[in-house]
Amino acid sequence: MKAVKLAPGVHWVGAIDWNLREYHGYTLPGTTYNAYLVRGSEKTALIDGAYHGFEKEVIARIRSVCDPSEIDCIVVNHIEMDHSGTLPEFMRRMPDTPIYCTARAKAGLARHYDTTGWKIHVVRSGDTLDLGGKTLTFLEAPMLHWPDSMFTYLGEDAILFPNDAFGQHVASAARFDDELGIDAAMAHAKKFFANLIIPLAPKVLKKLDEVGKLGIDIRMIAPSHGIIWRWHAGEILKAYTDWSHGVSKDKVTIVYDTMHGSTTMLAKAIAEGVMSEGVDLRLCLLRDGRYEGTHRSDIVTEILDSKAVLVGSPTLQDEVLPTVAGFLSYLRGLQPGRLTAKKIGCGFGSHGGMGGAVAQIEEALKEAGIEVIEGGFQVNYRPDEDELTRAYELGRRVAREIRAR
């Protein structure tokens, strides 16, 4: 196993997890745990790590550059176990190696591991570590995406190591954006943002503004997951700004499940109304990932750049269907309403008794920060022609509304 060179004295020494298919509640085609070795003329630093179980892979890549005993310090940007899980083995091998992290990270490490005897140095924003011709500057980034998180910046090579920020979950032989391809890289980054970063959007904007005011040159972004942005650092920075502001297309995402096909009939009629107005559309049947594009994590990725979200469900025992309930719980947690540009939406569905699902859908949409613009559209049993026409007109109204915004 070999390291990959980013710049003179800077190498990727991470691990590739080819088999991971679900993480943090969403589906993915594997991932990488990126660790970086920075060698100055006086000291060598290891930035971040990997899950427990990947120690041999990381150490083998380090050995392709230098003996692990030559590592003088370890930088922990984030204590989550997919980055810190290798720490106990590193400390067993190199017990006197100092660790640099935030105060919250120090406290968090003690909750995850037995840190007795570990030499942990607390750093704050603006603190530096001189490696000899290579200077690491630390920038605290709380809640991006844990309270302990920080960025590390290598000034001489203009490389930002932001841990989870700007990452993507993808396992690949490619290490860089130009190798994977910019379209694929941005698609994976979009899904990562939609499923992990949306609740943190205001903090993202604040941190990007903070970094901008520092006036530092960022030529490369080396996150903790996925590819390294060496040619398109500017594009991913702009994308994070746009996504955090909620910049969207004239696009409607309709997500639903059905029991006997009645809610499907309504969903298709609404979709036809949307399309009749020339507005982009995604029609998503929830199937928990059993088929491509049907998992909640795929659907919230579509919602990220949609201006409207319509959710449909029949009523089952006075409740929404379990698949829709799970999706709404996920959506409430992500809080797309925290984005600067607000989204609109409504609920629809069929019922055989008193109903109730549509009202629950619209309450959940409100809790997710989505502006409900209709009073709910529901029918008893199967929709008749008049009701399908009304559903079609609902789609047209939604399309016209988002075009006017």
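Analyst: Two strands pair if DSSP finds at least two bridges between them. Helices (H or I, at least four residues) and strands (E, at least two) are DSSP runs, numbered from the N terminus. This is a predicted model, where local features need pLDDT of at least 70 and side-chain atom pairs count only at pLDDT 80 or more, while totals for chains, interfaces and linings use all residues. Residues are numbered from 1 along each chain as its sequence is written, and side-chain values use heavy atoms, leaving out hydrogens and water.

User: Okay, which residue in S14 is the bridge partner of threonine 137?

Analyst: That's tyrosine 153. Strand S13 (residues 135–140) and strand S14 (residues 150–154) run antiparallel, joined by five bridges.

User: What order do the strands take in the open sheet of five strands?

Analyst: Read it as S12-S13-S14-S15-S16, with mixed pairing. At the edges sit strand S12 (128–130) and strand S16 (220–221), each pairing on one side only. Helix H7 (residues 201–214) packs on this sheet and touches S13 and S14; contact means heavy atoms within 4.5 Å. The direction of H7 makes about 145° with that of S13. Such axes are lines fitted to C-alpha atoms, for helices over the stretch in contact, and angles run from 0 to 180 degrees between N-to-C directions.

User: Now S19: how many of its five residues are buried?

Analyst: Buried means under 20% relative accessible area (1.4 Å probe, protein chains only). In strand S19 (residues 308–312), five of the five residues are buried, so the rest of the structure largely encloses this strand. Ala308, Leu310 and Gly312 cover one side, Val309 and Val311 the other, and all are buried.

User: Which strands does S19 pair with?

Analyst: Strand S17 (residues 251–256) runs parallel to S19, with five bridges joining them; here valine 255 stands opposite valine 311. S19 also pairs with strand S22 (residues 344–351), again in the parallel sense and over five bridges. In that pairing, leucine 310 stands opposite cysteine 346 of S22.

User: And at what angle do H10 and H11 pack?

Analyst: Two packed helices are described by the angle between their axes and the distance between the axes. Helix H10 (residues 296–304) and helix H11 (residues 322–334) pack at about 50°, with axes 11 Å apart.

User: Which residues make the contact?

Analyst: From H10, they are Arg296, Ser297, Ile299, Val300 and Ile303, and from H11, Phe327, Tyr330, Leu331 and Leu334.

Note on methods
Buried means under 20% relative accessible area, exposed over 50%, partly exposed in between (1.4 Å probe, protein chains only).
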